[in-house]
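Please have the sequence and the model at hand.

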Amino acid sequence: AVGRGPGHSQRQGGGGGGGRGAALARAPGASRAPEWLERVRADSATAEGLERLQTRKRTLKQQLKAFDAAFAREHGRPPRKADKEVMRPLYEEYNAIKSQLAALAPDGG
């Protein structure tokens, strides 16, 4: 993947550009949604689950920002879309959770 370097061994997952909600559940060749997406859907049914989703969203955002900062320190520039490709799974999970929480918000989004 583009942008891999010695300072990026701390990464926890991957994730690139913006998420596409419908595409997540129907990836080519995938017979079912990723495990994390099933958890997002299940967790949205209870108050405790919503709290877990909010915590997970916050954690993912921190990880994504940490990647951007580490990349900028190492390369002297912010990461481009291609550089963020290794973070795609985290971006997809973050965007799915964000969409789910917005859909469940009392004001409808």
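Are Phe 67 and Phe 71 buried or exposed? In this predicted model, both Phe 67 and Phe 71 are buried. The two residues belong to helix 3, which covers residues 47-75.

**Aromatic pair**
- The model has one aromatic pair.
- Its members are Phe 67 and Phe 71, with ring centres 6.1 Å apart and planes at 40°, so the pair counts as tilted.
- Because Phe 67 and Phe 71 lie four residues apart in helix 3, about one helical turn separates them.

**Helix 3**
- Helix 3 has 29 residues, which at 1.5 Å a residue should span 42 Å; the C-alpha atoms at its ends are 42 Å apart, in agreement.
- Besides Phe 67 and Phe 71, the buried residues of helix 3 include Gly 49, Leu 53, Leu 60, Gln 63, Leu 64 and Ala 70.

**Packing partners**
- The buried residues of helix 3 pack against helix 2 (35-43) and helix 4 (88-104).
- The axes of helix 3 and helix 4 are 9 Å apart, and the packing angle is about 140°.
- This angle makes helix 3 oblique to helix 4, since only angles over 145 degrees count as roughly antiparallel.
- The crossing of helix 3 past helix 4 is left-handed.
- On the helix 3 side, the contact residues include Leu 53, Leu 60, Gln 63 and Leu 64; on the helix 4 side, Tyr 91, Tyr 94, Ile 97 and Leu 101 are among them.

Note on methods. Residues numbered from 1 in each chain as written. Predicted model: local features only at pLDDT ≥ 70, side-chain atom pairs only at ≥ 80, totals over all residues. Heavy atoms only, no water. Phe/Tyr/Trp six-rings, centres within 6.5 Å; stacked < 30°, edge-to-face > 60°. Buried < 20%, exposed > 50% of the residue type's maximum accessible area, 1.4 Å probe, protein only. Expected span 1.5 Å × (residues − 1). Contact = heavy atoms within 4.5 Å. Axes fitted to C-alpha atoms, helices over the stretch in contact; angles between N-to-C directions. Parallel < 35°, antiparallel > 145°, perpendicular 65-115°, else oblique. Left-handed = near helix turned anticlockwise from the far one by under 90°.
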